[in-house]
Amino acid sequence: MTARIARAILALMLAALIFTGCGTLVGAAVGAGAGAAIGHGTGYGAGKGAMIGTGVGAVAGAIYDITRHEENDED
């Protein structure tokens, strides 16, 4: 029961991040999920993969946000 509630809360939090459009947070969330899946699939470990994916995703999201805002400022 508690796992079900925790998954529902996490799903709502992820949806809120996606709808706010903050590239850094969305990148971190997507990176964590992808890193966990890849880490689990390769046998490296889902936790380690999620940590690496979070960092890479956050950096990619921040770069996307910076370049997107610069494009919008030029208009």
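User: How many aromatic pairs does the count come to by the rule used here?

Analyst: The count comes to zero aromatic pairs, where the rings of Phe, Tyr and Trp (its six-membered ring) pair if their centres lie within 6.5 Å, with planes under 30 degrees apart called stacked, over 60 edge-to-face and the rest tilted. This is a predicted model, in which local features need pLDDT of at least 70 and side-chain atom pairs count only at pLDDT 80 or more, while totals for chains, interfaces and linings use all residues. Residues are numbered from 1 along each chain as its sequence is written, and side-chain values use heavy atoms, with hydrogens and water left out.

User: What makes Lys 48 count as lying over the face of Tyr 44?

Analyst: A charge sits over a ring if NZ of Lys or CZ of Arg is within 6 Å of the ring centre and within 35 degrees of the ring normal, and Lys 48 lies over the face of Tyr 44 at 5.5 Å from the ring centre.

User: Which secondary structure elements does the protein chain have?

Analyst: The protein chain has three helices and zero strands, in the order α-α-α from the N terminus; helices (H or I, at least four residues) and strands (E, at least two) are DSSP runs, numbered from the N terminus.

User: Why is Gly 49 called buried?

Analyst: Buried means under 20% relative accessible area, exposed over 50% and partly exposed in between, with a 1.4 Å probe and protein chains only; Gly 49 has 9% relative accessibility, so Gly 49 counts as buried. Gly 49 is found in helix H3 (residues 46–74), and, leaving aside neighbours within four places in sequence, Gly 49 is in contact (heavy atoms within 4.5 Å) with Gly 35, Ala 36 and Tyr 44. The C-alpha atoms of Gly 49 and Ala 36 are separated by 4.7 Å, although these residues are 13 apart along the chain.

User: Is Gly 45 buried, exposed or partly exposed, and why?

Analyst: Gly 45 is at 24% relative accessibility and therefore counts as partly exposed. The place of Gly 45 is in the loop between helix H2 (23–42) and H3, where Gly 45 touches Gly 39 and His 40, not counting residues up to four places away in sequence.

User: How do you know that Leu 10 is exposed?

Analyst: The relative accessible area of Leu 10 is 55%, and because exposed means over 50%, Leu 10 is exposed. Leu 10 lies in helix H1 (residues 2–20).
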